[in-house]
Amino acid sequence: MKIGILGTGMIVKALMKTIDRLDFSRAVVLGTKETEEETARMCREHGLDGYFLDYDELLESNVDTIYVALPNHLHADFAKKALLHGKHVIIEKPITSNARQLRDLMETAREHGRMIFEAMNIHYLPIFGQLKEHLPDLGPIKIVSFNYSQYSSRYDAFKRGEVLAAFDPKRAGGALMDLNVYNIHAAVGLFGRPEKIRYEANVERDIDTSGIMTMDYGTFKLVSIGAKDCKAPVRCTIQGTDGCIVIAKPVNQMDSFELILNDGTVREYRTEHAKHRLYYEFMEFQKIMETEDWERHDRMLEISLAAEEILEEGRRQNGIFTDFQ
């Protein structure tokens with residue numbers, strides 16, 4: 001993979017922690033004039049092949065894949081431009097700001113024979129696969145609770161009247177898009193589309209600073225909590241008639257879980273010799289592209305579309321801006 005990385009933010013810095021383990025034949029970064037010094041330093045420190053300050057110049061280079069790690073509201077435009085230049089695209093979560101944008105990208109990708117991936121690491125973690133395998137041990141599922149509550153330093157600025165991207169409705173911010181998105185992806189990845197959803201949010205100045213989404217699967221119910229204005233020790237659970245699974249971290253950070261059965265059996269499952277959480281998704285993206293595994297590609301994209309539709313509906317129910325073009 002010859003990858004062009006867009007941005008130098010927190011998620012890109014996280015990728016740098018494992019980039020030496022990834023089999024990139026070329027890696028370059030797109031920065032801005034304001035971040036040029038930081039961009040150049042990142043290249044030096046991590047042995048990258050250089051940087052660009054102009055997106056068009058990057059797209060004309062010999063990279064074959066673009067990783068869009070920019071603020072949420074920029075994902076669709078930058079991704080579409082890459083697809084039109086014949087590049088595969090990996091897009092940070094949430095993949096787009098609404099479902100219409102994602103459908104447009106999917107159509108563009110099909111027309112150009114390119115692949116699109118959402119960088120949602122949950123689906124590619126080895127422990128998530130193990131968890132799926134042990135769901136039948138629980139018997140019929142009854143109640144699921146996922147929680148990602150993390151007090152944001154940007155909330156302090158928000159209370160002072162500063163509206164940064166994380167809390168800006170016009171830039172696809174908010175607790176649902178930033179944190180609860182992980183829970184929703186876990187739900188869809190494990191159980192598919194729910195029959196109906198309801199999002200009850202704490203809305204301040206037109207954005208959800210925290211909220212609870214309930215997802216009705218007919219035979220069981222799922223609650224998905226995301227908060228940027230408060231925090232608590234995180235504990236996620238899946239409860240069935242024969243036992244439960246306990247995850248002591250947010251689902252996107254899970255590296256172990258505990259299986260507790262009604263007969264008193266307790267087993268812990270853990271990823272041995274775990275690598276950085278971003279390692280697994282990028283290795284899988286590269287494998288899918290190299291083997292032209294369109295079936296796997298399309299299956300993962302359907303999860304992204306389902307999650308995007310749920311996010312959009314939740315925001316719509318609370319009067320939060322969703323009319324991104």
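How many aromatic pairs does the count come to? In this predicted model, the count comes to 17 aromatic pairs. The tour below visits some of the residues concerned.

**First stop: Phe 191 and Phe 220.** Select these two residues and view their rings together. A pair of aromatic rings is described by the distance of the centres and the angle of the planes. Here the centres are 5.0 Å apart and the planes stand at 65°, an edge-to-face arrangement. Phe 191 belongs to helix 8 (residues 175-191), while Phe 220 is in the loop between strand 9 (207-216) and strand 10 (221-227), so the pair ties together parts that are 29 residues apart in sequence. Phe 191 and Phe 220 are both buried.

**Second stop: Phe 321 and Phe 324.** Select these residues next. Their ring centres lie 4.9 Å apart with the planes at 80°, so this pair is also edge-to-face. Phe 324 is buried, because its relative accessibility of 7% is under 20%. Phe 321, at 29% relative accessible area, is partly exposed.

Another charge over a ring may be viewed here. The charged end of Arg 205 sits over the ring of Phe 158, 3.9 Å from the centre of that ring.

Select Phe 24, Tyr 67, Phe 117, Tyr 124, Phe 282 and Phe 285, which ring pairs link into a cluster.

**Last stop: residues 1-117.** An unreviewed UniProt entry annotates this range as "domain: Gfo/Idh/MocA-like oxidoreductase N-terminal". Over residues 1-117, the chain is 40% helix and 20% strand, and the end C-alpha atoms are 14 Å apart.

Note on methods: Residues numbered from 1 in each chain as written. Predicted model: local features only at pLDDT ≥ 70, side-chain atom pairs only at ≥ 80, totals over all residues. Heavy atoms only, no water. UniProt positions renumbered as here; feature names shortened; annotations may be inferred. Helix = DSSP H or I, 4+ residues; strand = E, 2+ residues; numbered from the N terminus. Phe/Tyr/Trp six-rings, centres within 6.5 Å; stacked < 30°, edge-to-face > 60°. Buried < 20%, exposed > 50% of the residue type's maximum accessible area, 1.4 Å probe, protein only. Lys NZ or Arg CZ within 6 Å of the ring centre and 35° of its normal.
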